[in-house]
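Please look over the sequence and the model below before reading on.

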Amino acid sequence: MNNEQNRIKKVVIAGGGTSGWMTAVALTKLLGKNLEVVLVESDDIGTVGVGEATIPTLHIFHRLLNIKESEVMAATNATFKLGIQFENWKTLGEDYIHSFGFLGKDCWACGFQHFWVKGRQKGIATEIGDYCVEHLGARQGRFAVMPNQDLNHAYHMDASLYAGFLRRLSEQHGIKRIEGKIREVQQHMDGAISALLLESGELVEGDLFIDCTGFRALLIEQTLNTGFEDWSHWLPCDSAYAVQTKTTQEPLAYTRAIARGAGWQWKIPLQSRVGNGLVFCSKFMTEAEAKQTLIDNVEGEMLFEPRLIKFKTGTRRQHWNKNCVAIGLSSGFLEPLESTSIHLIHRSIIRLLQMFPSNGIVSADVAEFNRQTKIEMDNIRDFIILHYKATERTDTRFWRYCKNMDIPETLTHRMELFKQSGKVYKFAQELFGESSWLQVLIGQGLMPQQYHPIVDLMPDSELNDFLMSIKHNVRRTVSQFPTHQEFIQHYCKSSLV
């Protein structure tokens with residue numbers, strides 16, 4: 001086979017938005033010298049653009065591209081995020097925080113939760129978040145980026161401004177942007193994509209195509225008929241209303257996820273405004289009811305009428321099919337409960353860079369790309385389902401459905417393992433670590449029936465000192481931070497404020 005003939009010389013990205021421009025900047029900056037990269041998008045086609053919360057893994061993407069944190073935050077009207085507060089998920093009136101930090105101190109035989117469980121039984125341990133700097137920082141509204149002890153943090157940002165920021169970086173590295181709507185996707189005899197025909201009549205040919213066309217999935221699904229694995233029986237919400245409001249208070253250092261009668265509401269504080277939305281299940285709530293529920297529960301003046309977004313949770317059966325790679329919403333959708341959308345974009349980009357088919361597409365690489373993506377998607381899916389399944393709410397039909405629904409065997413095992421023995425685990429390719437699982441399991445009301453026997457080797461007085469020492473160090477560290485607002489003013493103030 002002639003390698004030169006099969007070389008990937010030109011990549012065509014179909015669609016802009018966050019996924020398109022994240023892909024563009026990575027390819028142009030890291031592979032651009034040996035590659036022509038073209039992005040096709042139309043100003044007439046809007047982007048979803050409601051995913052304004054991220055998780056800490058975005059730092060990996062920014063470090064890879066040498067993007068300075070303070071610059072991207074100022075450019076995107078961003079604030080810091082130390083976690084998510086879940087309100088009304090276990091029962092009405094109760095809340096908990098899933099923070100990005102690590103809980104306490106583990107030992108060689110077991111995790112910190114085993115010491116904490118015995119401490120609770122003895123009455124000498126307080127809530128589990130008291131043993132985590134990020135958790136306490138979120139609750140107290142304090143934050144800092146320090147040279148020797150950086151907090152595990154993410155961002156609340158304007159997704160449209162972020163796409164624009166990345167577009168400017170891409171243009172500095174030679175991206176070619178073509179304005180226009182795609183009229184037709186042309187294919188070779190073997191079914192692989194050969195070119196995009198635009199409404200203007202321009203033909204955009206390429207060797208590798210990246211589908212960033214959002215829910216339309218114009219290339220990966222409408223053209224290649226890849227197939228979709230529907231997860232709506234586990235994640236039944238299928239619609240959302242989104243709206244922006246004027247800010248009424250200093251920004252919190254966490255996202256609020258407030259469970260409602262048939263779904264949940266998000267509140268995401270930016271520097272100059274607040275992103276709001278209501279994710280809901282249309283089988284249990286009408287669009288009119290959902291819109292009114294959102295309007296009744298926002299704070300501050302709405303900047304536009306709430307916008308309806310329809311979706312289906314699930315994933316493509318292949319994320320790389322022939323010479324097309326789906327990145328972003330075109331590859332599948334997990335509702336934004338744990339802010340994983342941008343994470344999945346950047347993970348797909350890095351995976352593509354690691355397996356980039358410079359000398360031609362190899363079936364083994366395609367299979368491995370799809371295998372790794374499936375593992376990651378499945379694990380995030382299970383983590384999100386946990387929030388719905390492990391509820392004590394029975395006050396509405398929606399929550400009764402969630403409480404009683406069948407769930408994947410993989411999640412059933414995790415829940416039973418924790419309930420019976422207090423153990424949690426993390427596979428190598430999983431996103432959410434043990435501390436994340438612990439905070440949600442405990443927050444949703446699941447408590448272990450026993451703890452590891454090694455804990456009993458520690459006398460009660462020593463256990464008390466151990467727990468108190470961790471708690472004291474957490475309090476002392478957080479007390480040294482400025483307020484979240486003060487740090488933003490100093491570090492990354494947006495011109496929009």
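An axis, as the word is used for helices here, is a line fitted to the C-alpha atoms over the stretch in contact, and the angle between two axes runs from 0 to 180 degrees between their N-to-C directions. The model is a predicted one, and the points below are grouped by topic.

**Helix packing**

- The axes of helix H6, which covers residues 133–140, and of H14 come within 9 Å and cross at roughly 50 degrees.
- That angle makes H6 oblique to H14, and the crossing by which H6 passes H14 is right-handed.
- Helix H14, residues 460–479, also packs with H5, at an angle of about 115 degrees and with the two axes 11 Å apart.
- Angles from 65 to 115 degrees count as roughly perpendicular, and H5 and H14 are therefore described as roughly perpendicular to each other.
- In this second case the handedness is left-handed, as H5 passes H14.

**A sheet of three strands**

- Three strands form an open sheet in the order S12-S18-S21, and their pairing is antiparallel.
- Strand S12 (228–230) and strand S21 (332–333) stand at the edges with a single partner strand each, so one side of each has no neighbour in the sheet.
- The antiparallel pairing of S12 with strand S18, which covers residues 314–316, runs over three bridges, and Phe228 stands opposite Arg316 in S18.

**The second largest pocket**

- The second largest pocket holds about 570 Å³ of space.
- Its lining is made up of 29 residues, of which Phe100, Phe102, Asn152, Gly433 and Ser436 are the closest to the centre of the pocket.
- Helix H3 (58–64), strand S5 (95–99), helix H5 (112–122) and helix H13 (434–443) are the elements that give two or more residues to this lining, and H13 gives the most, with four residues.
- Sorted by class, the lining of the second largest pocket has 11 nonpolar, 13 polar and five charged residues.

**The cavities**

- Two cavities of 30 Å³ or more are found in the structure, and the largest cavity has a volume of about 180 Å³.
- The largest cavity is lined by 14 residues, and the closest of them to its centre are Gln249, Lys267, Pro269, Val274 and Glu299.
- Strand S15 (263–269) and strand S16 (273–280) each supply at least two residues of the lining of the largest cavity, and S15 gives the most, with three residues.
- The lining of the largest cavity divides by class into five nonpolar, four polar and five charged residues.
- The second largest cavity has a volume of about 40 Å³, and its lining consists of Arg414, Leu417, Phe418, Lys423, Val424, Tyr425, Trp437 and Leu441.
- Helix H12 (409–421) and H13 are the elements that give two or more residues to the lining of the second largest cavity, and the largest share, three residues, comes from H12.
- By class, the lining of the second largest cavity has six nonpolar residues and two charged residues, with no polar ones.

Technical notes
Residues are numbered from 1 along each chain as its sequence is written. This is a predicted model: local features need pLDDT of at least 70, side-chain atom pairs count only at pLDDT 80 or more; totals for chains, interfaces and linings use all residues. Side-chain values use heavy atoms; hydrogens and water are left out. On a 1 Å grid over the protein atoms alone, a cavity is a set of points where a 1.4 Å probe fits but cannot get out, and a pocket is an open set with protein on both sides within 12 Å along at least five of seven lines; lining residues have an atom within 4 Å of a point. Grid points are joined across faces, edges and corners, and a volume is the space filled by probe spheres set on the points. Ala, Val, Leu, Ile, Met, Phe, Trp, Tyr, Cys and Pro count as nonpolar, Asp, Glu, Lys and Arg as charged, and the others, Gly among them, as polar. Two strands pair if DSSP finds at least two bridges between them. Angles under 35 degrees count as roughly parallel, over 145 as roughly antiparallel, 65 to 115 as roughly perpendicular and the rest as oblique. A crossing is left-handed if the near helix is turned anticlockwise from the far one by less than a right angle, and right-handed if clockwise.
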